[in-house]
Amino acid sequence: MQSNNLFSIKKEHESSKKHVSGKAKYIDDILEPKNLLHGAIGYSTIAKGKIKKIDLSEVINSKGVEKVITYRDIPGVNDVGPVFKGDPIFIENNIEYYGQPIFAVAAKTNELARKAVKKVKIQYLEKKPILDIKQAIKKKSFVLKPVKICKGNAINEIKKSKHTLEGELYSGGQDHFYLEGQISMTIPQEDNNFLIYASTQHPSETQQIVAKSINQKFNSIKVKVRRIGGGFGGKETQSFIFSVISTLLSKHTNKPVKLKIDRDDDMIITGKRHDFYYKYKVGFREDGCINGLKITLASRCGFSPDLSGAINDRAIFHIDNAYYIPTIDLISYRCKTNTVSNTAFRGFGGPQGMYCIENIVENISEFLKIDSSIVRKNNFYQKNTKNITHYGMKIEDNIINDIFDHLIKQSNYKKRRKDIINFNNKNRILKKGISITPVKFGISFTTTHLNQGGALVHIYTDGSIHLNHGGIEMGQGLMTKISQIAANEFGVSLKDIKISSTHTEKVPNTSASAASASTDINGGAVIDAINKIKKNIEIYISKKFKYKGKIIYKNNKVYFGKQKIDFKKLISNAYFERISLSASGFYKTPKIFFDNKNFKGRPFLYFAYGAAVSEVIIDTLTGENKLIRVDILHDVGNSINSSIDIGQIEGGYVQGLGWLTNEEISWNSKGQILTHSPSTYKIPVSNDIPEKFYVKIYKKGKNKENVVNRSKAVGEPPLMLAISAFMALKNATSNKQLKAPANPENILMAINR
């Protein structure tokens, strides 16, 4: 890849003006086709049991209804499970969670469709649901087999240790709360083909699962996505069922069908971040260095596997965070409960693993009465020793010590900590807390075959360039970065680049936009396609100008030897000489491999690092708390777009803050979710963001691996910086039993134990 200066230019998000002006088109903004019908889903109102009798007559006869479908109307596979089976489109008889789809209707308006599904009459045989993680473990209710890993003799090392601690921890779930809800619009085409506009992070798997459900070939289904209004993992697999239902209704009516899900129904039907229960015993030295760790990780997976296997595996991968753990004995339970099937969420299990070890380190610090920053540093991976993970990967790019030291100085951490101790000694009711925590997050899909992507690049005869790739724009700036990559490679202006909607007809067999790998994978595929075109141009220049040597694309010109030519003119001339100016590209992530059986290998190409200092204040009488100040230093390698990267760091931190401080999901004793609307579920708002919010990119950052611009992924890693806020609250309460989310209720319970 050639090095121009286009990455150093601060480039705004390609859709920013459209976002703020309301001109950015989402699926519900697309011009509706003639005879469009609207869908709605009828779902179960119990968490576990059987359907004794169902009467759909009033639904069928309801005003405006044109079609009602159940499992009997599915010509193909009645399952949308992405990896394992177990996610029925419509249930036949057995109910496994409150909100499980039973039937769907197509009506002339959205309002009529929603009114119609309420008219169903169902008699249930209700059974007692399993709702709790501990209950599931006791009953051995699992969606997948438990996973065990062992490194060294942890039990023996714990016994030999001078100090030991043991305890239990809990981290809560989190709703994705994307701005654009789940939505899909299917339009029938010629020859029994279907065009689907889907709000999904995974067009290719949408294509495949829809095709299987209607018993057709993949090539009969086209999925198109220009942008989605947020996903965060909630549209990686959970979007499939909505595209399937809209297509089934379209197939049966031979009319276009839009299925737009109400916010309450969306939160009831779709999965969340996995909540986790942890049980640990740790042995450590006088300086806080861990000798051995015995740990149980158990998550609420819901009624089906979905992506729970890979998510729980990633929690295991990140149980160390940035710390060397010499011996470990771990078991991971993937618990089956009668709740909605939990799914991917930004960080994909990594946050839950890091949350666990950070709590353990914090508890060690409290026990030893040592500043937790010192204990953290004592346990860090080192460059030439103590650099092998519990899954056998060597840490080759370790910069956490440098980032940590820089941030301690940059944030004036030591002085502020002393000031906080003095403040707390003088104040009985108000208490402050401060904490600095690290992040080491692995980049790559841990399922190896997903680390691949394709692209399509055309240069038209006027020199304008068209791109298409398999990545999804969900607000994170992917399209902007890919445009910059292409402009940099061709040495042209960004205005000459246009990226079209992601489309399964243009780039097939793509992976989901997830795992923070979209820029690496799709950018790599775009560069591969561009290099093929450049090879053709090189042959043309060699023949036309009798030149063989280095060719430079810069400032809208092409330089070769002492000669130069305008890029547009060169392209026009090449066309008349019948030179191909179009190519497809492909990229697969190198070096990665993993043995699932032995849980050993190199699942990640590289790691992204960062650290955050958070300062909080709490009212010990009410549990009310406020974030006072945040300092962040984060590694993005050699940044492609620093403005977008800083936005991702800020947004990731705030979303992590929500998970750990105020977003709480709860069910009643019968398994009905209680937090299913903005009135009952609290996400962070502007008042939760501290006035002092200092975010800096690590200036020495440069990826040692040969990825685009030597940059590093920035989508998921920043979310885990918010663990520092939870640890600061824990520091303020002086209680190692604080539960996440640390809302006022849980803070009061911790204080009053």
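1. The model is predicted.

2. Strand 9, residues 183-188, is mostly covered, with 6 of its 6 residues buried. In a regular strand, side chains alternate between the two faces of the sheet. In strand 9, Ile 183, Met 185 and Ile 187 point one way, while Ser 184, Thr 186 and Pro 188 point the other way. Both sets are buried, where buried means under 20% relative accessible area.

3. Strand 9 runs antiparallel to strand 12 (residues 257-260), and 4 bridges join the two. Within this pairing, Ser 184 stands opposite Leu 259 of strand 12.

4. Strand 9 is also joined to strand 10 (residues 194-198), by 5 bridges and again in antiparallel fashion. Here Ser 184 stands opposite Ala 198 of strand 10. The hairpin of strand 9 and strand 10 has 5 residues between the strands, and Asp 191 in this hairpin takes a positive phi near 55°.

5. Helix 10 (residues 350-368) has 19 residues, which at 1.5 Å a residue should span 27 Å; the end C-alpha atoms are 27 Å apart, so expectation and model agree.

6. How is helix 10 placed relative to the rest of the structure? Of its 19 residues, 17 are buried, and helix 10 is therefore largely enclosed by the rest of the structure. Lys 369 follows helix 10 and has a positive phi, near 60°.

Methods. Residues numbered from 1 in each chain as written. Predicted model: local features only at pLDDT ≥ 70, side-chain atom pairs only at ≥ 80, totals over all residues. Heavy atoms only, no water. Buried < 20%, exposed > 50% of the residue type's maximum accessible area, 1.4 Å probe, protein only. Pairing = 2+ DSSP bridges. Expected span 1.5 Å × (residues − 1).
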